[in-house]
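User: Hi! I am new to reading protein models. Could you walk me through this one?

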Amino acid sequence: MRRIGAFATLTLLSSTAFMLTTALPAAAQEVCVYEGADKACLDLGTRVARVCDNESDGNGVYGWFGGDRYLWDANGSAGGCSHKSYPTASSVQVCEDKYPTMWLDPCSGD
């Protein structure tokens, strides 16, 4: 009788552990970088990029994703973020367009 009880308990625990590991989705990992309050993020699971202009200073904001792909926050600081899928993106940087005629904008990581 004890053997059946132990087997039933083991079966129940195993099936519960299996259901937990198969029912829970993998947690998305999003990496965000900042330049002041402005930010750019890259979801490493879905490769969806986001750029958010969070400062009402008249300067546009753009993100670099993977070194050769960029995305501007289309509505400025009006609220919300621009997003786009970049399947091969592996890095993220955010820049504030302070100097429109030159490529010396302040960027995260500088």
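Analyst: Helices (H or I, at least four residues) and strands (E, at least two) are DSSP runs, numbered from the N terminus. This is a predicted model, where local features need pLDDT of at least 70, side-chain atom pairs count only at pLDDT 80 or more, and totals for chains, interfaces and linings use all residues. Residues are numbered from 1 along each chain as its sequence is written, and side-chain values use heavy atoms, with hydrogens and water left out.

User: What makes strand 2 and strand 3 a pair?

Analyst: Two strands pair if DSSP finds at least two bridges between them. Strand 2 and strand 3 (residues 48–52) are joined by four bridges and run antiparallel, so they meet that definition. L42 has A49 as its bridge partner in strand 3. The hairpin they form has four residues between the strands, and R47 in the turn has a positive phi of about 60°.

User: How do you know that strand 1 pairs with strand 2?

Analyst: Six bridges link strand 1 (residues 30–35) to strand 2 in the antiparallel sense. C32 stands opposite C41.

User: Why is strand 2 called largely enclosed?

Analyst: Buried means under 20% relative accessible area, exposed over 50%, and partly exposed in between (1.4 Å probe, protein chains only). Six of the six residues of strand 2 (residues 38–43) are buried, so the rest of the structure largely encloses it. D38, A40 and L42 cover one side, with K39, C41 and D43 on the other.

User: Why is C81 called partly exposed?

Analyst: C81 has a relative accessible area of 33%, which lies between the 20% and 50% cut-offs, so the label is partly exposed.
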